[in-house]
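Subject: Handing over a structure

Dear colleague,

I am passing on to you the structure below, together with a short account of what was found in it. Please keep the sequence and the 3D view open while you read.

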Amino acid sequence: MLRLGPLAAARCLRSLSLLWPPRSPGPLGGCGLLSRRVRGALGGSAGGGRSLVLKTPKGTRDHHPAHVVLRDRLLATVIACFKRHGAAPLDTPVLELRETLVGKYGEGAKLIYELQDQGGELLALRYDLTVPFARYLATNKLSTMKRYQVAKVYRRDNPATTRGRHREFYQCDFDIAGQFDPMIPDAECLKVMHEILSDLQLGDFIIKVNHRLVLNGVFAACGIPESKFISMCSTVDKLDKMSWEEVRSEMVAEKGLCPEAAERIGDYVRLQGGLELIEQLLQDPKLSQNKLAREGLGDMKLLFEYLTLFGITGKIRFDLSLARGLDYYTGVIYEAVLLQQEGQAGEEPLGVGSVAGGGRYDGLVGMFDPKGRRVPCVGVSIGIERIFSILERRLKASGEKIRTTETQVLVATPHRHLLAARLQLISELWGAGIKAEMLYRKDPKLLKQLQYCEDTGIPLAAIVGEQELADGVVKLRDVSTRQEVDIPRAELVDEIRRRLEP
C-alpha cells in the first residue's frame, strides 16, 4: 500500500485534483482508490469516512478576547482584596501524585481526573487548590502562612456551562495557616468573602455558616454512629438542591438510618438564624449534653461576636443544613449564595447558586507530614466561573461593547510612500512606553486607518504626512471629537500622556 508523508501527500492530492475533479470519475479506474488513499494519509475523509470534529472537549470552552478582558477585571478585583488582607501569592503544579488527592474529598473523589502511569508515578489533575496547599506546607515544613492562589482545577463532573459549571475552571483561594487564637482568622475569611461579593456588585447575597462539630454533635444526639458522620454530611449537604423529603429518603433507603433518626436530624438541620439561634441551641437538652456540640456552638458564638465588630452580620446566617461534603473540614464551614430579586411582597428571595465557600481544615496538613504534625488552616474559595457566567449574561443583556486591547494611539499616514515615517514614529512611541499600533500595509488609506480607530476604541491618532515631516510636527487627532492639532515632535509623548490622564 502506498504510504506518503503529510507534505508529499498534500502535493500529490493537489496534483490529482487538477487532473480528476473529485465529483467526476477519472479516466483511469484506479484514480478513485489512489485519491482515497492520499486523503487517508492526510487524515481527511473520503467515501463517507469520519472527518475531524472541531470542538473543545465536553465541559471546557474557549474564551474569546472580550471574555478574557471581563475575566481579568473580575480576577483583579478578587486579587486586590486578597492583597489588601496581606496574602502572599503561591503557585503549585496542575499535576499531583494520585495518592496526594485520594481520600480527601469524600464522594467527590469519583470526580478526580486520574492519569496513566507516567515514568513510574500515578498522577492526577488537581481537584482543588486546598489539598495542594496543605501538601506544600508539609513539603516545606511551614507552620505559618497567609497565601492566595488563582489557578485552574479539573473535575470529571457533568457540566452545565450555562450555570458556570465546567470540568476545567478557575478557583481563587485565600487561606490562613498557623496556630492562632480561636475564630480570629475564620472571621477574617468571612470578611474577605463579604468584601469581594460587595465589590463585584452582583446583587443581594447571604453567607451561610455552620460548624462541623455542631453537625457531628447533632448526629450523635440523634443516635447516629460516628462511622456514619461523614456520610451523613454528604447527604445533608444536598439540602440546597433537594427537598427534605428527598434527603430523608436517601438517609433511610441508601444510608440505612431508621426513619425516627432521620426525622430527629431533620428537626435540627432545618433551623436557621443568628446569634439568638446559637443561644437557643446552647440550652437545647440534647445538644447541651454533647461535648462536640457545645464546643462547636461556643466557637460559633465567638465568631458572631467578631463578625458583629466587622459589621457584616446582616449578611451572615447560621444554617444547620450547610454541611459541605468534603472530608477535610473540621470546624467552621461557610458558603455564599446569590439571591434573586424579591418577587411578590412577603416572599422569601430565592437562591440562584453558590458563588464562594470554605472552612476550617485543621487536620489536612498532618495527613502529609511524616510525623503527623498538625498545622491549623482556614480558607475561602471564590467561584469565579459561576460569577463570570452571571457577569457575562449581564453584559450581553446591556449590549455594552468591551475593548479587547489597550492601544492608546494609532500611527497613521495620509499619503503613499510614508511607511518609513510610520515605523520611525511608532518605534519612538513604543520606546516611551506608549501603547501604539499601525496597520500592516505599506500605503493604507487614511479613512481606513481612522475607521480602525473607531472600530477598536483607540482614542488618539498620530498622523504624519509630508507637510508634518517638513515642519517637524505630528498631527494629533482626537478620534471621538475628530479635532486635530499640530504638536511639535519633541513634545508628542508628553501631550499624549497628558490627554490620557484619568
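**Cavities, an arginine and aromatic rings**

Leu450, Cys453, Glu454, Arg477, Val479 and Arg482 line the second largest cavity, and please bear in mind throughout that the model is a predicted one. The space in this second largest cavity comes to about 30 Å³, and helix H16, which covers residues 446-456, supplies the largest share of its lining with 3 residues. Sorted by class, the lining of the second largest cavity holds 3 nonpolar and 3 charged residues, with no polar ones.

Arginine 482 sits in the loop that runs between strand S15 (473-478) and strand S16 (484-488). Is arginine 482 buried or exposed? With a relative accessible area of 53%, arginine 482 counts as exposed, because the cut-off for that class is over 50%. The side chains of arginine 482 and glutamate 454 are joined by a polar contact of 3.3 Å. Alanine 461 is 21 residues away from arginine 482 in sequence, while their C-alpha atoms are 9.7 Å apart in space.

The count of cavities of 30 Å³ or more comes to 2, and the largest cavity has a volume of about 70 Å³. Which residues line the largest cavity? They are Arg61, His63, Lys152, His166, Glu168, Phe169, Tyr170 and Glu385, and strand S5, residues 168-177, gives the most to this lining, with 3 residues. By class, the lining of the largest cavity divides into 4 charged, 2 polar and 2 nonpolar residues.

Turning to the aromatic rings, the count comes to 5 aromatic pairs. In the pair of phenylalanine 82 and tyrosine 148, the ring centres are 5.8 Å apart and the planes meet at 35°, so the pair is tilted. Phenylalanine 82 belongs to helix H3 (residues 65-84) and tyrosine 148 to strand S4 (residues 145-154), so the pair ties together parts that are 66 residues apart in sequence. Both phenylalanine 82 and tyrosine 148 are buried, and Phe82 and Tyr148 form one aromatic cluster together with Phe174.

With best regards

Methods: Residues are numbered from 1 along each chain as its sequence is written. This is a predicted model: local features need pLDDT of at least 70, side-chain atom pairs count only at pLDDT 80 or more; totals for chains, interfaces and linings use all residues. Side-chain values use heavy atoms; hydrogens and water are left out. Helices (H or I, at least four residues) and strands (E, at least two) are DSSP runs, numbered from the N terminus. Buried means under 20% relative accessible area, exposed over 50%, partly exposed in between (1.4 Å probe, protein chains only). A polar contact is a pair of N or O atoms within 3.5 Å; within protein, one must be able to donate a hydrogen and the other to accept it, and residues adjacent in sequence count only if both atoms are side-chain atoms. On a 1 Å grid over the protein atoms alone, a cavity is a set of points where a 1.4 Å probe fits but cannot get out, and a pocket is an open set with protein on both sides within 12 Å along at least five of seven lines; lining residues have an atom within 4 Å of a point. Grid points are joined across faces, edges and corners, and a volume is the space filled by probe spheres set on the points. Ala, Val, Leu, Ile, Met, Phe, Trp, Tyr, Cys and Pro count as nonpolar, Asp, Glu, Lys and Arg as charged, and the others, Gly among them, as polar. Rings of Phe, Tyr and Trp (its six-membered ring) pair if their centres lie within 6.5 Å; planes under 30 degrees apart count as stacked, over 60 as edge-to-face and the rest as tilted.
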